[in-house]
Amino acid sequence: MTKTMLGLVAHPNGDLRLEEVPVPRIGENPYAPHDVLLEVEYCGICGSDIHKWGASAEEKAKVLHTPRKVVQGHEIVAHVVETGADVTRVKPGDRVVCEIVTFYCGHCPACLEGRFNICNTLKPMDGRAHYVTGGGFAKYTVWPEFQLHVLPDTIQSRSAVLMEPTAGSIHSVLSRMNVRAGESVAILGPGARGILLMQVCKAIGAGPVIMTGLDRDASFRLPMAKKMGADVVINVEKENLRESIAELTGGIGVDVVLENTGSVEPIAESLDIVRKGGRVLWAGGGIRGGITAPVDTHKIIVKEIDVKGEISQIPYDWKTAVHLVGRGDVVLDPLVTHEFPLERWEEGYDLAASSHDCLRVALKP
Ligand SMILES: [Zn+2]
Ligand SMILES: [Zn+2]
């Protein structure tokens, strides 16, 4: 095996460069003796990878930069190459996907609740493997065995780059919002994440599931959402969202709103279209440092609305994700719309950041 490889490296000043980096070695990383050397098959470009790409100066200022030089990429599909001395859960040849919350203290109040994703003692850039030991935009990476999930044969490798956002969508819909069969859900924002949220809601029997978008989504993303199971799609630049939701719900409002756009107006809309006693998730724009929006607290008070946030996933969300995708209840293949070799990462980043006909780009080292 060669001692170096090409990796897409983030620098503390915010620069991204494809450069030669050392191939990680078993036994010489923080996960030893539970470390696993992986050969990356595909790695997806996430919204959190491109938030600095083409972002405004104001947005860039709000975003955290990595404190160290490190290979990026966390939507990883890989084969096990070699295992550390104490590894028992995977073996060479296994095809796996990788959880991203790999460092947590295990004894703070959040960890004691099993909420490792919000471990109280770690800084935001110190809890996730792709900010510490390095991610999947390179031929090889190392991961702890406890954060790997073996893929069933029914899941194609390329589409499995979306397993991480699927686990994140399960975190939102089930772990955070406790959506139940028969509940009505409005999902604001028809990106890959929005369509995954919609599919998870449908898979567990929620409905009707309503998906909203803008004019720019009318040619591709909204029809895709409809094709993949949304009961109703609404272009909010053509229809009045508040009136449409009132009509669809007999004037009551939806049980649950999942706000996924990261824009100002949907924050106010979410409080108007949810029913009294309903639940609202504000998740859009989190990766860009969030947004500042005026909130009418009177609506939250008198409607007794539960408002929540979410970040990453907990281990159980991954178990559910492998199950739902493995048996075809959540379909990923049509959402991975583009593929590039790692060397052409810039084209992939440009496309992911700017195209409304693109849902997910997979890079192949
Ligand atoms: Zn991601
Ligand atoms: Zn902790």
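Guide: Ala, Val, Leu, Ile, Met, Phe, Trp, Tyr, Cys and Pro count as nonpolar, Asp, Glu, Lys and Arg as charged, and the others, Gly among them, as polar. By these classes, the lining of the second largest pocket has eleven nonpolar, five polar and three charged residues. This is a predicted model, in which local features need pLDDT of at least 70 and side-chain atom pairs count only at pLDDT 80 or more, while totals for chains, interfaces and linings use all residues; side-chain values use heavy atoms, with hydrogens and water left out. Residues are numbered from 1 along each chain as its sequence is written, and chains are lettered from A and ligands numbered from 1 in the order in which they are written.

Visitor: What makes a set of grid points a pocket, and what makes it a cavity?

Guide: On a 1 Å grid over the protein atoms alone, a cavity is a set of points where a 1.4 Å probe fits but cannot get out, whereas a pocket is an open set with protein on both sides within 12 Å along at least five of seven lines; a lining residue has an atom within 4 Å of a point. Points are joined across faces, edges and corners, and a volume is the space filled by probe spheres set on them. The second largest pocket holds about 350 Å³ of space. Its lining has 19 residues, and the closest to its centre are Pro 22, Pro 24, Val 71, Thr 133 and Gly 134.

Visitor: Which elements give two or more residues to that lining?

Guide: They are strands E1 (4-10), E2 (16-22), E4 (70-71) and E7 (140-144). Helices (H or I, at least four residues) and strands (E, at least two) are DSSP runs, numbered from the N terminus. E7 gives the most, with three residues.

Visitor: How many nonpolar, polar and charged residues line the largest cavity?

Guide: The structure holds one cavity of 30 Å³ or more, and the volume of the largest cavity is about 40 Å³. Its lining consists of Glu 99, Val 101, Tyr 104, Phe 116, Asn 117, Gln 147, Gln 313, Ile 314 and Pro 315. These divide into five nonpolar, three polar and one charged.

Visitor: Why is Pro 152 called partly exposed?

Guide: Buried means under 20% relative accessible area, exposed over 50%, and partly exposed in between (1.4 Å probe, protein chains only). Pro 152 has a value of 29%, and therefore it is partly exposed. Pro 152 is placed in the loop between strand E8 (148-150) and helix H5 (163-176). Contact means heavy atoms within 4.5 Å; leaving aside residues up to four places away in sequence, Pro 152 touches Arg 95, Val 322 and Gly 326.

Visitor: What makes a set of residues a nonpolar core?

Guide: It is a set of buried Ala, Val, Leu, Ile, Met, Phe, Trp, Tyr and Cys residues joined through side-chain atoms within 4.5 Å. The largest one here has 46 residues, and those with the most contacts inside it are Met 163, Ile 187 and Leu 258. Helix H6 (192-203) is one of the elements that give two or more residues to this core, and H6 provides its largest share, seven residues. Leu 258 touches, among others, Val 173, Ile 187, Leu 197 and Leu 281. Apart from this core lies another of 37 residues, including Leu 8, Leu 16, Val 80 and Leu 148.

Visitor: How is the protein chain divided into domains?

Guide: The division gives domain 1 (4-156 + 332-364) and domain 2 (166-308); such bounds come from an automatic or database domain assignment. The C-alpha centres of the two domains lie 28 Å apart. Their contact takes 18 residues from domain 1 and 20 residues from domain 2.
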